[in-house]
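Work through the two exercises below with the sequence and the 3D view at hand. Each task is followed by its solution.

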Amino acid sequence: MTPLETLIRTRIAVDGPIPVSEYMALALGHPDHGYYMNGSPFGADGDFITSPEISQVFGELIGLWAAVTWQQMGSPEKTVLIECGPGRGTLMTDLLRAAEDVPVFARTIEIHLVETSKTLRNIQAGTLSCINPVWHDSIETVPPGPTILIANEFIDALPIRQVTREHTGWSERCVGLTDDTLQFMPGSAYEDPAGTPIDAITGEVYEFRPAATAFVDELSARLATHPGAALIIDYGYERQSPGDTLQAVRDHQFADPLADPGEADLTAHVDFGALRSHGFNSGCHVFGPVNQAAFLRSLGIVQRMTALSENATPEQIETLYSSIQRLIDPGAMGTLFKAMVISHSGAPTPAGFEYHSTSSYRRND
Ligand code: SAH
């Protein structure tokens with residue numbers, strides 16, 4: 001049994017079943033035994049692989065996206081560049097290298113990293129030692145100024161709440177003990193008829209993510225007083241519908257979310273519709289989501305691949321092609337992953353979203 005499971009069992013014995021949101025928060029973020037505190041989960045030797053770890057081209061294109069965004073913001077003298085959940089610092093490294101192509105932009109950058117894990121902060125400090133980043137627990141403490149924010153696979157790691165449809169209403173989905181094993185079970189009644197679908201059938205699970213919508217609210221408050229744009233890339237869907245999407249991944253395989261808490265990555269699909277409503281309702285412009293493939297193609301991923309192939313060996317070309325394919329293939333990360341931009345009111349259409357103008361969305365759709 002993992003040390004964290006022992007702690008969770010003690011907690012359940014004292015207080016009763018704990019909500020899924022608390023279970024997920026502990027499994028990922030417990031200060032000593034949470035998954036992200038344990039080391040580096042990324043890459044071929046870890047549990048999962050993310051886009052920046054698949055190909056340097058991903059971060060480089062985001063660097064060019066940032067440079068164009070900076071120009072659209074009126075080329076401010078200082079740019080507060082925030083990355084939420086920077087992992088190993090790979091995306092930021094590739095982004096900054098590409099940004100050097102636009103030195104007038106690169107010179108304005110001040111880097112702020114929002115990261116919960118001390119272990120990953122240390123790894124980021126090593127990767128990004130030459131640029132003096134400042135770390136934060138949340139975006140609230142990042143100093144004011146024109147802002148560009150990047151968040152790749154950050155929202156999917158924020159805890160979700162789940163509620164289950166019972167005959168008489170909704171109940172909070174919890175984790176408790178049955179037959180000496182951790183099991184999902186109904187907890188106390190959950191009353192929010194406005195936020196939950198009325199056509200759910202008994203037993204269906206509905207999820208929402210208070211930490212993500214609170215994050216968008218905080219971000220929107222910042223964009224109300226400073227020019228800027230936030231690029232959010234993650235896996236998920238456009239519209240909320242019932243369904244349990246909590247998943248565990250360990251050693252590149254799906255695993256039981258209740259097995260070995262603290263030793264598997266736990267994530268759930270991102271509800272882009274909820275992020276969009278919160279951005280709109282706070283007065284921001286929201287663009288997308290568009291599929292990752294459409295976004296990266298529009299930023300020129302194919303041309304970049306061709307350019308890099310010119311001086312490469314056949315083996316390098318093979319690796320390059322297969323990694324780019326993974327990022328844009330509909331059967332891999334091309335359509336499940338999506339990009340969305342939230343920007344200050346009146347901001348022009350960002351690069352990569354040319355064919356997906358915000359005007360096609362109504363405020364409450
Ligand atoms: N963006 C990186 C890493 C994604 S994994 C990449 O694409 O490779 C999720 C990252 O978010 C990790 O760095 C994790 O430690 C961080 N994270 C998770 N929950 C967080 C929270 N509540 N606040 C800040 N960072 C968090």
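Buried means under 20% relative accessible area, exposed over 50%, and partly exposed in between (1.4 Å probe, protein chains only). This is a predicted model, in which local features need pLDDT of at least 70 and side-chain atom pairs count only at pLDDT 80 or more, while totals for chains, interfaces and linings use all residues. Residues are numbered from 1 along each chain as its sequence is written, and side-chain values use heavy atoms, with hydrogens and water left out.

**Exercise 1.** Locate T79 and decide: is T79 buried or exposed?

Solution.
1. T79 belongs to strand β2, residues 79-84 (strands are DSSP runs of E, at least two residues, numbered from the N terminus).
2. The relative accessible area of T79 is 0%, so T79 is buried.
3. Next, look for polar contacts (pairs of N or O atoms within 3.5 Å; within protein, one must be able to donate a hydrogen and the other to accept it, and residues adjacent in sequence count only if both atoms are side-chain atoms).
4. The side chain of T79 makes one of 2.7 Å with the side chain of T108 and one of 3.4 Å with that of W70.

**Exercise 2.** Find which polar atoms of the protein lie at these distances from the ligand: 2.5 Å, 2.7 Å and 3.3 Å.

Solution.
1. At 2.5 Å from a ligand oxygen is an N or O atom in the side chain of E115.
2. At 2.7 Å from a ligand nitrogen is a polar backbone atom of G85.
3. At 3.3 Å from a ligand nitrogen is a polar backbone atom of T116.

Terms used: Helix = DSSP H or I, 4+ residues; strand = E, 2+ residues; numbered from the N terminus.
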